[in-house]
Amino acid sequence: MVSGTTKNLGVIGWPIAHSLSPAMQAAAIRAAGLDYAYIAMPVRPEALPAAAEGLRSLGFRGFNVTIPHKSAVMELLDEVDEDARRIGAVNTVVNDNGRLSGHNTDVTGFLRGLSRHGVAVRGNRAVVLGAGGAARAVLWGLLREGASDVVVGVRNAPKAKEALSDFAGDAEILPWDCDAFAGALAAADILVNTTPLGMTPKTEEMPPVDWERVRDEAFVYDIIYTPGCTRFLREAKAHGHRVTNGVAMLVGQGAEALSLWTGVRPDEGAMEQALLEALAR
Ligand code: NAP
């Protein structure tokens, strides 16, 4: 129940009506019996500085940041942590008595999807498909946790090399139709799709993967969460791979954000259930 003591949280983006975060966070807040409220706040790009100042002044305990503000918000904050700096995007802001700090909880969310299945990163070889915004969080997560070798496969290597120039030296970027990439695929312990290929409504699309080349033991991860089982995951399962979709990543990033704001480790089961119900609607 909202009262005079309720502390405020929310998410800013434009548009924001599609956001799944309010349903997920409300479920976590309810399950933990916390005196917090979480709302969706539409913020036009030109209104971002005023919105950040407003949330600071209004004493919001924190807020999530989504498209298109994840990079632009960084210069409006008092500090930005290493994860967010390496990824170049903030998805969570914490307000400590007027001091705003920026974080990126997508890394924790992504790694949660691996740890849930007992998949270790350290010393393992990873192949990442795609080089967009989500790929940066995935790449940084793999590098931070000590993957021995990270190769990024893309359709447009020059563009991806430019976009990921700050990861040069840490990750190799290859066109996904070249022999060197086929070699990397054959050696991979972890294979992650970060492209939108296969996402609703174009569910029959998938990145080009020759499953005959992928080791049986390789763990296959698609960060897409609609549909729950993409063609990429369907084919991986048919070839005997252990797989996961993007639900744990989405829940994990939200759980980490709530934990940063409240100090309470939320019930991820309740969050996941609320997320799946919201997706079904
Ligand atoms: P993005 O910034 O637009 O990046 C997309 C990447 O995929 C780019 O490298 C792009 O290559 C490539 N790509 C797009 N369409 C392609 C096509 N038809 N053929 C080949 N490559 C293609 O997108 P994003 O924000 O990273 O999001 C990517 C996916 O991750 C989305 O499906 C999103 O829902 C999902 N996601 C999930 C979570 C989660 O929590 N589970 C979080 C974030 C994102 P070009 O540069 O050549 O276009």
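Visitor: A salt bridge is a side-chain nitrogen of Lys or Arg within 4 Å of a carboxyl oxygen of Asp or Glu. With that rule, how many salt bridges are found across the interface of domain 1 and domain 2?

Guide: The rule finds two across that interface. Please note that this is a predicted model.

Visitor: Which residue forms a salt bridge with D83?

Guide: The partner of D83 is R144, and their closest N and O atoms are 2.9 Å apart.

Visitor: What about polar contacts across the interface, how many residue pairs are there?

Guide: Five residue pairs are in polar contact between domain 1 and domain 2.

Visitor: Let me step back. Where do the two domains run in the chain?

Guide: Domain 1 takes in 7–105 + 249–280, while domain 2 covers 118–241. Their centres, taken over C-alpha atoms, are separated by 27 Å.

Visitor: How many residues are in contact between them, and how much area do they bury?

Guide: Nine residues of domain 1 are in contact with eleven of domain 2. Together the domains bury about 950 Å² between them, and 61% of this is on carbon and sulfur atoms.

Visitor: Which residues of domain 1 lose the most area to domain 2?

Guide: Those are R86, I87 and M249, which together account for 63% of what the domain 1 side buries.

Visitor: How many salt bridges does the structure hold?

Guide: The structure holds 20 salt bridges.

Visitor: New topic: the ligand. How many residues surround the ligand, and which are closest?

Guide: The ligand is surrounded by 20 residues, the closest being A131, A134, R155, K159 and I223.

Visitor: And the backbone, how far is A134 from the ligand?

Guide: A backbone N or O atom of A134 lies 2.8 Å from an oxygen atom of the ligand. For G133, a polar backbone atom is 3.0 Å from a ligand oxygen. L250 also has a backbone N or O atom 3.4 Å from an oxygen atom of the ligand.

Visitor: One last topic, the backbone geometry. Where is the peptide bond from T226 to P227 placed, and is the bond cis or trans?

Guide: The bond from T226 to P227 is cis, with omega near 0 degrees. P227 is found in the loop between strand 11 (219–222) and helix 8 (231–238). A cis bond also joins I67 and P68, where omega is about 10 degrees. P68 sits in the loop between strand 3 (62–65) and strand 4 (79–80).

Visitor: Then N97: is its phi positive or negative?

Guide: N97 has a positive phi of about 50 degrees, although N97 is not a glycine. Most residues other than glycine have a negative phi, and most peptide bonds are trans. N97 is in the loop between strand 5 (92–96) and strand 6 (99–103).

Definitions and conventions: Residues are numbered from 1 along each chain as its sequence is written. This is a predicted model: local features need pLDDT of at least 70, side-chain atom pairs count only at pLDDT 80 or more; totals for chains, interfaces and linings use all residues. Side-chain values use heavy atoms; hydrogens and water are left out. Domain bounds come from an automatic or database domain assignment. Contact means heavy atoms within 4.5 Å. Buried area is the accessible area (1.4 Å probe) that two parts lose on being put together, summed over both. A polar contact is a pair of N or O atoms within 3.5 Å; within protein, one must be able to donate a hydrogen and the other to accept it, and residues adjacent in sequence count only if both atoms are side-chain atoms. A residue is near a molecule or strand if one of its heavy atoms lies within 4 Å of it. Helices (H or I, at least four residues) and strands (E, at least two) are DSSP runs, numbered from the N terminus.
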